[in-house]
Amino acid sequence: IPAWLGEVSPQRFAKLDQRKEALYRELVRQGAVRIYRRIPELFVELRRRGAGVAVASSGPGQNVALLIDTMGAHDFIDVVIAAEDVSHGKPHPEAFLKTAERLQVAPQCCAVIEDSVHGIDAAKRAGMLAIAVLTSTPRDALVAAGADVVVNEVGDLQFDDLLVRLDEGVSIYSKQP
């Protein structure tokens with residue numbers, strides 16, 4: 001239980017957390033949650049080029065499934081990892097390493113698109129290419145966390161550059177955490 005909540009029982013905290021997640025899902029259904037521009041196109045292009053596509057989130061599976069539905073991306077995603085699938089949240093690399101394992105791909109051959117310091121840190125600890133998207137986290141913080149690439153939005157990613165960086169990553173990021 002976060003210290004800022006003060007004296008809250010674990011049961012009360014669980015109820016508050018469930019309510020927060022329900023409100024989040026309602027916002028998604030209302031269209032109030034921003035989906036990165038060109039995400040479905042990115043998934044399609046990566047699949048066309050033979051890459052596996054995964055979603056690894058610290059959020060609950062219900063939230064992740066709803067976002068995938070909202071994007072209309074079910075047919076383009078090979079693996080989904082949510083909070084229930086891991087023992088450790090980000091910045092621990094478990095979610096990303098489990099994703100690579102399920103994709104049957106070496107971690108150094110994976111790229112992670114993230115918008116948080118914890119996510120970038122987790123990607124780097126997993127030995128993966130870390131692509132930072134500027135949302136609410138300042139560029140300097142994402143770079144300090146180890147971002148290899150920083151873009152204003154996912155739509156700014158160049159597929160060819162991404163694939164070249166992954167090819168380079170085989171020799172650059174060969175260490176395991």
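**View 1. Gln104 sits in the loop between helix H4 and strand S3.** Helices (H or I, at least four residues) and strands (E, at least two) are DSSP runs, numbered from the N terminus. Gln104 is not a glycine, yet its phi is positive, about 60 degrees. With 74% relative accessibility, Gln104 counts as exposed. Buried means under 20% relative accessible area, exposed over 50%, and partly exposed in between (1.4 Å probe, protein chains only).

All views show a predicted model, in which local features need pLDDT of at least 70, side-chain atom pairs count only at pLDDT 80 or more, and totals for chains, interfaces and linings use all residues. Residues are numbered from 1 along each chain as its sequence is written, and side-chain values use heavy atoms, with hydrogens and water left out.

**View 2. A cis peptide bond joins Lys90 and Pro91.** Its omega is about 20 degrees. Pro91 belongs to the loop between strand S2 (79–81) and H4.

**View 3. Strands S3, S4 and S5 form an open, parallel sheet in that order.** Two strands pair if DSSP finds at least two bridges between them. S3 and S5 (149–151) stand at the edges with a single partner strand each, so one side of each has no neighbour in the sheet. From one strand to the next, the twist averages 20 degrees. Here axes are lines fitted to C-alpha atoms, for helices over the stretch in contact, and angles run from 0 to 180 degrees between N-to-C directions.

**View 4. Four bridges join S3 to S4 (residues 129–133).** The two strands run parallel. Val112 has Ala130 of S4 as its bridge partner. Ala111 stands opposite Leu129, also in S4. S3 has two faces: Val112 and Glu114 make up the covered one, Ala111 and Ile113 the uncovered one.

View 5. A disulfide is a pair of cysteine sulfur atoms within 2.5 Å. For Cys110, the closest is in turn that of Cys109. By this rule the model has zero disulfides. Cys109 is partly exposed, at 32% relative accessibility. Cys110 is buried, at 10%.

**View 6. The largest pocket has a volume of about 1,500 Å³.** Of its 49 lining residues, Ala54, Val55, Ala56, Ile113 and Glu114 are the closest to the centre. On a 1 Å grid over the protein atoms alone, a pocket is an open set of points, where a 1.4 Å probe fits, with protein on both sides within 12 Å along at least five of seven lines; lining residues have an atom within 4 Å of a point. Grid points are joined across faces, edges and corners, and the volume is the space filled by probe spheres set on the points.

**View 7. Helices and strands both supply the lining of the largest pocket.** Those giving at least two residues each include H1 (10–29), S1 (54–56), S3 (111–114) and H7 (159–172). H3 gives the most, with five residues. By class, the lining has 31 nonpolar, eleven polar and seven charged residues. Ala, Val, Leu, Ile, Met, Phe, Trp, Tyr, Cys and Pro count as nonpolar, Asp, Glu, Lys and Arg as charged, and the others, Gly among them, as polar.

**View 8. Pro40 lies in helix H2.** Pro40 is partly exposed, at 25% relative accessibility. Its C-alpha atom is separated by 22 Å from that of Met128, 88 residues apart along the chain.
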